[in-house]
Amino acid sequence: MKNFYRLIQGDCLKMLPTFDDESVDLIFTDPPYEAKTKKVIGDVEGIDWNVLSKELSRILKSDGSLLMFCPIVNLPKFIKIGEGVRPFRWQIIEYVCNRMQSISNFYLQYNPILWFSNHTIKPQKRVQDLFRTTIIPNAIHPAQKNLETCKFIVDNFSRVNGIFLDPLMGSGTVMEACQDLRRNCIGIEIDANNCESIRTRCFGRQFLDREVSYSFEVFGG
Ligand SMILES: C[S@@+](CC[C@H](N)C(=O)[O-])C[C@H]1O[C@@H](n2cnc3c(N)ncnc32)[C@H](O)[C@@H]1O
């Protein structure tokens with residue numbers, strides 16, 4: 001089966017209403033963070049989360065899942081956002097064992113990944129809820145996530161050839177994970193430079209075991 005990788009440059013709040021109901025199997029994303037980093041990675045307060053939750057809920061299949069990285073300081077807020085899509089199910093911990101960055105005198109050694117789905121859904125197999133990793137050398141995006149962590153989620157929470165959506169794509173880590181594991185992926189990213197990075201990173205990759213197609217569009221452009 002042919003896999004497709006579609007990248008859209010634009011505002012996900014404007015783009016998502018054009019998607020069909022129940023058209024994606026899994027949404028895996030990493031929303032922008034608040035405060036200090038606002039300038040470089042987007043403004044969490046600048047997104048209308050009620051509108052985003054409503055659209056994601058409509059687009060996701062009834063047996064689909066939402067998985068979302070979450071900054072610890074935003075935990076209550078992000079659980080509320082996710083619960084607008086599906087009920088909260090579990091927290092998976094990404095343990096970044098050599099990270100020495102600190103905020104408020106805490107070393108930030110883990111990232112929660114929140115899982116929302118209907119209660120009948122389970123991971124593909126028994127799976128640990130802690131994934132150990134290390135910081136990324138030479139990151140191309142200030143909030144870039146670890147590829148191996150994203151592959152762990154893609155592998156355990158979806159089936160081969162499933163359709164993923166990341167509406168806040170950053171540097172394209174979710175798309176690269178989907179490529180490595182034979183999933184299809186649609187990514188939306190508002191920043192033109194980040195879209196260029198995603199194209200450099202993901203587009204043009206060739207696979208010996210399957211055909212793939214790539215598309216890039218500028219929404220409203
Ligand atoms: C936390 S970063 C994602 C980083 C990603 N996980 C990675 O590994 O590179 C969130 C991204 O959302 C993008 N963004 C912010 N508001 C957006 C919007 N309304 N529509 C689409 N993308 C948006 C930002 O430009 C930023 O690159």
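Analyst: Confidence comes up before the fold and the single residues.

User: What kind of model is this, and which pLDDT do local features need?

Analyst: The model is predicted: local features need pLDDT of at least 70, side-chain atom pairs count only at pLDDT 80 or more, and totals for chains, interfaces and linings use all residues. Numbering starts from 1 along each chain, as its sequence is written.

User: What pLDDT does the chain average?

Analyst: The average is 92, and 94% of the residues score at least 70. pLDDT is the predictor's confidence in each residue, from 0 to 100.

User: Where does pLDDT stay under 50?

Analyst: Over residues 35-43. The model has nine contacts beyond four places in sequence for that stretch. A contact means two C-beta atoms, placed from the backbone, within 7 Å.

User: OK, the fold. How many helices and strands?

Analyst: Seven helices and 11 strands. They are DSSP runs, numbered from the N terminus: helices are H or I with at least four residues, strands are E with at least two.

User: How does the radius of gyration sit against the globule rule?

Analyst: The radius of gyration is 16 Å, close to the 17 Å that the rule gives for 221 residues, so the chain is as compact as a globular protein of that length. The radius is taken over C-alpha atoms, and the rule is 2.2 Å times the number of residues to the power 0.38. Along the principal axes, the C-alpha atoms fill a box of roughly 50 × 40 × 35 Å.

User: How much of the chain counts as buried?

Analyst: 36% of the 221 residues. Buried means 20 or more other C-beta atoms within 10 Å of the residue's own, exposed means 12 or fewer, and partly exposed is in between; C-beta atoms are placed from the backbone.

User: Now the sheet. What is the strand order?

Analyst: The nine strands run β8-β4-β7-β3-β2-β9-β10-β1-β11, in an open sheet with mixed pairing. Pairing takes at least two DSSP bridges between two strands. From one strand to the next, the twist averages 15°.

User: Which helices pack on it?

Analyst: Among them is α4 (residues 75-83), which touches β3, β4 (88-96) and β7 (110-117). The direction of α4 makes about 25° with that of β7. Helix α6 (residues 173-180) also packs on the sheet, touching β1 (3-9), β2, β9 and β10 (184-189). The direction of α6 makes about 170° with that of β10. Axes are lines fitted to C-alpha atoms, for helices over the stretch in contact, and angles run from 0 to 180 degrees between N-to-C directions.

User: Why is α6 largely enclosed?

Analyst: Seven of its eight residues are buried, so the rest of the structure largely encloses α6. The cover includes β1, β2, α5 (147-157), β9, β10 and α7 (192-202). Just after α6, R182 takes a positive phi of about 60°.

User: And β1, what does it pair with?

Analyst: β1 pairs in the parallel sense with β11 over seven bridges. Five bridges join β1 to β10, also parallel. Q9 has V218 in β11 as a bridge partner, and I8 has I188 in β10. Five of the seven residues of β1 are buried.

User: Switching to α3. Which of its residues are buried?

Analyst: L52, L56 and I59, in the helix over residues 49-59. They cover an arc of only 70° around the axis, which puts them on the same side of α3. The arc is that of the directions from the helix axis to the C-beta atoms. The buried residues of α3 pack against α1 (12-15), β2 (24-29), β3 (60-69) and β9 (163-166).

User: Where is L181, and what does it touch?

Analyst: L181 is in the loop between α6 and β10. Leaving out residues up to four places away in sequence, L181 touches K151, V154 and D155. L181 counts as partly exposed, with 16 C-beta neighbours inside 10 Å.

User: Last one: K77. How far from Q206?

Analyst: Their C-alpha atoms are separated by 40 Å, at 129 residues apart along the chain. K77 lies in helix α4. K77 is partly exposed, with 15 other C-beta atoms within 10 Å.
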